[in-house]
Amino acid sequence: MIILGIETSCDETAAAVVKKENNKIEVLSSVVASSEALHKETGGIIPEVAAREQVRSIMPVIDKAMKIAASQTPRNDIDAIAVTYGPGLIGSLLVGVETAKTLSMVWKKPLIPVNHLVAHLAACFINTERHTDARDDNFPEFPAVGLVVSGGHTDFVYLTNQENGLNVKYIGGTRDDAAGEAFDKTARLIGLGYPGGPAISDAATKFQSANSKIQNFNLFPRPMINSGDLEMSFSGLKTSVFNHVNKNPDFDKNYLAAEIQEAIIDTLVSKSEAAIEQFKPKCFFLAGGVSANRLLREKLDKKIRSFEFTKLYVPEAKYSTDNAVMIAAYALLFGKTKDISEVNANPSLSIEH
Ligand code: KG4
Ligand code: ZN
């Protein structure tokens with residue numbers, strides 16, 4: 001089975017050709033064009049600008065992905081087209097959905113709509129960095145708990161693989177800002193660039209390598225960390241950083257980056273631990289753009305090692321942030337074909353659908 005995946009939910013335009021054979025996901029091509037450089041100038045995404053760039057990039061990106069895969073699989077070998085239909089920015093989503101529908105008609109290939117958030121979790125099934133003793137030839141097992149940490153979402157889900165497909169149940173998450181949003185907005189407050197996650201991570205690494213003796217970071221609060229459930233809150237971090245920066249105009253950027261990163265990671269790791277204690281899953285999937293964060297991976301891996309029954313799966317960093325391989329992988333593993341008249345962009349799609 002071979003699928004062309006298309007992803008245009010935000011500021012990345014991505015296409016990938018992916019094959020599934022004997023329970024193994026093989027990437028034949030993966031192309032990602034990002035309009036990130038344009039958003040660096042404005043310090044964040046302007047939806048209009050992102051959508052216009054999607055229109056510009058979509059055909060060249062699909063063309064390139066098909067050409068790279070062509071040596072291994074001509075177009076006629078593709079069994080289906082998978083596309084992100086939500087959640088995301090409406091203008092951006094529409095570009096991918098309408099293109100996929102058109103290709104589906106012209107090439108006479110079935111269409112598989114994919115939920116972007118659940119697809120992030122499917123990235124754990126591709127060339128996964130396997131932690132905590134997960135065996136090489138072993139696909140992740142269910143029931144599983146997933147944490148999707150991206151620019152717009154911080155969602156815990158309980159996953160079971162049932163006869164009628166993958167069942168996704170929301171079990172907790174942020175009440176306000178997403179973890180990625182907290183990175184992006186606080187980075188801006190301390191004068192670091194967009195996207196804030198990698199910028200904060202780099203600055204924090206600089207601080208830590210120059211000050212390896214400093215182990216305790218507790219300048220900023222961790223709201224709800226002891227709430228006894230899987231709820232989180234990150235919006236207060238912005239206010240704390242804002243107040244600190246105003247009171248201390250000579251602040252050390254790298255030090256504050258380390259403090260911000262620790263505050264966000266502490267909360268994510270502590271809530272992940274609570275989720276594992278409560279649900280005792282066979283696997284824990286950490287996915288979404290923020291899962292590219294090295295310190296988060298290390299700290300969660302260390303924590304999960306103390307649970308004998310749960311293995312941690314984290315995608316390779318290039319499949320943590322938005323890409324089309326995860327869209328095709330989801331379709332190959334769990335996707336269902338729909339008539340093109342039933343496939344519509346849905347910007348506020350929930351993780352359970
Ligand atoms: O999943 P993603 O690529 O796009 C969305 O679906 O939102 O996630 C983007 C988010 C941004 O907020 C970005 O700052 C964050 O992921 N991010 C990171 C890192 N790389 C990307 N956050 C922390 N550390 C990173 N290394
Ligand atoms: Zn994403």
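Leaving aside its neighbours within four places in sequence, which residues is Asp177 in contact with? They are Phe234, Ser235 and Lys238, where contact means heavy atoms within 4.5 Å.

## About the model

This is a predicted model, in which local features need pLDDT of at least 70 and side-chain atom pairs count only at pLDDT 80 or more, while totals for chains, interfaces and linings use all residues. Residues are numbered from 1 along each chain as its sequence is written, chains are lettered from A and ligands numbered from 1 in the order in which they are written, and side-chain values use heavy atoms, with hydrogens and water left out.

## Asp177 in its loop

Let's stay with Asp177, which sits in the loop between strand E9 (165-173) and H5. Helices (H or I, at least four residues) and strands (E, at least two) are DSSP runs, numbered from the N terminus. Asp177 counts as buried because its relative accessibility is 8%; buried means under 20% relative accessible area, exposed over 50%, and partly exposed in between (1.4 Å probe, protein chains only).

The side chain of Asp177 is joined to that of Lys238 by a polar contact of 2.8 Å. A polar contact is a pair of N or O atoms within 3.5 Å; within protein, one must be able to donate a hydrogen and the other to accept it, and residues adjacent in sequence count only if both atoms are side-chain atoms.

## H5 against H6

Two packed helices are described by the angle between their axes and the distance between the axes. For helix H5 (residues 179-189) and helix H6 (residues 196-210), the angle is about 65° and the axes are 7 Å apart. Here the axes are lines fitted to C-alpha atoms, for helices over the stretch in contact, and angles run from 0 to 180 degrees between N-to-C directions. H5 passes H6 in a left-handed crossing, meaning that the near helix is turned anticlockwise from the far one by less than a right angle.

On the H5 side, Phe183, Asp184, Thr186 and Ala187 meet Gly196, Gly197 and Ile200 of H6. These contact residues divide into three nonpolar, three polar and one charged. In this scheme Ala, Val, Leu, Ile, Met, Phe, Trp, Tyr, Cys and Pro count as nonpolar, Asp, Glu, Lys and Arg as charged, and the others, Gly among them, as polar.

Asn293 is found in the loop between strand E10 (283-287) and helix H9 (294-304). With a relative accessible area of 7%, Asn293 is buried. A polar atom of its side chain lies 3.0 Å from the backbone nitrogen of Leu296.

## Salt bridges

The whole structure holds 14 salt bridges, each a side-chain nitrogen of Lys or Arg within 4 Å of a carboxyl oxygen of Asp or Glu. In one of them, Arg56 meets Glu53 at 2.9 Å, N to O. Arg56 and Glu53 are separated by about one helical turn, because they are three residues apart in helix H2 (residues 47-70). Arg56 is exposed at 57%, whereas Glu53 is buried at 17%.

Helix H2 also carries Asp63 and Lys67, four residues apart, whose side chains form a salt bridge at 3.0 Å, N to O. Asp63 is partly exposed at 39% and Lys67 exposed at 57%. Glu21 and Lys19 form a further salt bridge, with the closest N and O atoms 3.8 Å apart.
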